Amino acid sequence: MTFGDKLSKLRKEKNYTQEQLADILGVSRQAISKWESNTAYPETEKVIRISGLFGCSLDYLFREEIETEGAVQPENIGSVSDGKRREKKSKKIFMGLPLYHIGKNARGVVAIGMNARGIVAIGMKARGIISLGLLSMGVFSFGLVSLGLFSLALFSLGLLSFGTFSIGIFSFGAISLGIVSVGAIAVGDFSVGALAIGKYFAYGDNARGMIAIGITEASGSVYQKLGEMSAQEWDSVKGVLDSVVPGWLSWAKEIIKLFMT
């Protein structure tokens with residue numbers, strides 16, 4: 001067996017993908033592919049790392065006549081003395097991923113690490129369907145800086161977004177920017193907030209927009225009102241909305257109408 005054959009065999013026995021092994025060794029996936037196809041060979045430092053990682057001798061790796069792995073103690077990835085990262089991985093595979101993976105560059109159904117990718121990802125940088133991290137990306141995303149369909153963070157960007165600074169289709173935050181925006185300072189097509197600036201509709205203490213309904217101040221180019229609104233006045237606002245809001249925003253207009261008494 002060639003070096004490439006042995007590396008491929010060892011990698012598969014550990015249930016590593018080429019990308020996962022590349023992350024551990026600090027190289028590109030293309031480098032792993034070239035090593036396994038014997039079109040390129042790793043540097044000495046990487047060979048020693050491979051030997052320790054898979055618990056095999058250097059002779060075994062490079063001498064084709066040796067078919068049995070040497071009795072080298074496998075590298076303890078979690079050793080504290082050499083400062084290497086702790087890593088744990090399930091041998092069970094689901095959808096091509098280990099059920100769990102804990103490591104610096106974790107890839108798994110559940111991934112926990114500095115750089116984590118999985119169905120559920122937790123880490124400094126997390127990407128997954130459900131992600132939690134300082135920098136997180138996912139369908140459901142939570143973190144300091146968060147990007148997702150449903151996003152909750154200090155700085156949040158998503159379809160449905162909650163955050164101190166929030167940007168989204170539906171946005172809720174201290175400072176909020178979106179098509180439908182709710183916040184202390186709300187800016188959008190339809191805005192509700194202490195300071196509400198809405199292209200078509202604004203409601204708040206200080207409201208500015210085509211339709212502006214304010215408690216202490218209102219500035220509207222089409223319709224404006226200070227103070228409490230009667231049922232008839234709300235009906236008038238609905239009619240104005242129908243006349244100024246373009247068709248592609250009719251879904252947002254109808255949402256705003258639902259909250260009008």
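Is E233 buried, partly exposed or exposed? E233 comes out as partly exposed, at a relative accessible area of 24%. Here, buried means under 20% relative accessible area, exposed means over 50%, and partly exposed is in between (1.4 Å probe, protein chains only).

Some ground rules before the points. This is a predicted model, where local features need pLDDT of at least 70 and side-chain atom pairs count only at pLDDT 80 or more, while totals for chains, interfaces and linings use all residues. Residues are numbered from 1 along each chain as its sequence is written, and side-chain values use heavy atoms, with hydrogens and water left out.

1. Salt bridges overall. Searching the whole structure turns up nine salt bridges. The term stands for a side-chain nitrogen of Lys or Arg within 4 Å of a carboxyl oxygen of Asp or Glu. As background, side chains of opposite charge can pair when their charged atoms come close.

2. E233 and its partner. E233 pairs with K225 in a salt bridge, and their closest N and O atoms are 2.8 Å apart.

3. K253 and D242. These two make a salt bridge as well, with 3.0 Å between the closest N and O atoms. K253 belongs to helix α7 (residues 250–258) and D242 to helix α6 (residues 231–244), so the pair ties together parts that are eleven residues apart in sequence. Helices (H or I, at least four residues) and strands (E, at least two) are DSSP runs, numbered from the N terminus. K253 is buried at 10% relative accessible area, whereas D242 is partly exposed at 41%.

4. K9 and E13. Their side chains form a salt bridge at 2.8 Å, N to O. Both sit in helix α1 (residues 3–13), and because they are four residues apart there, about one helical turn separates them. K9 is partly exposed, with 31% relative accessibility, and E13 is partly exposed too, at 47%.

5. S136 is part of strand β5 (residues 105–226). S136 is buried, and its relative accessible area is 0%. Its side chain has a polar contact with the side chain of S141, at 2.8 Å. A polar contact is a pair of N or O atoms within 3.5 Å; within protein, one must be able to donate a hydrogen and the other to accept it, and residues adjacent in sequence count only if both atoms are side-chain atoms. Leaving out residues up to four places away in sequence, S136 touches several others, including A126, F142 and L147, where contact means heavy atoms within 4.5 Å.
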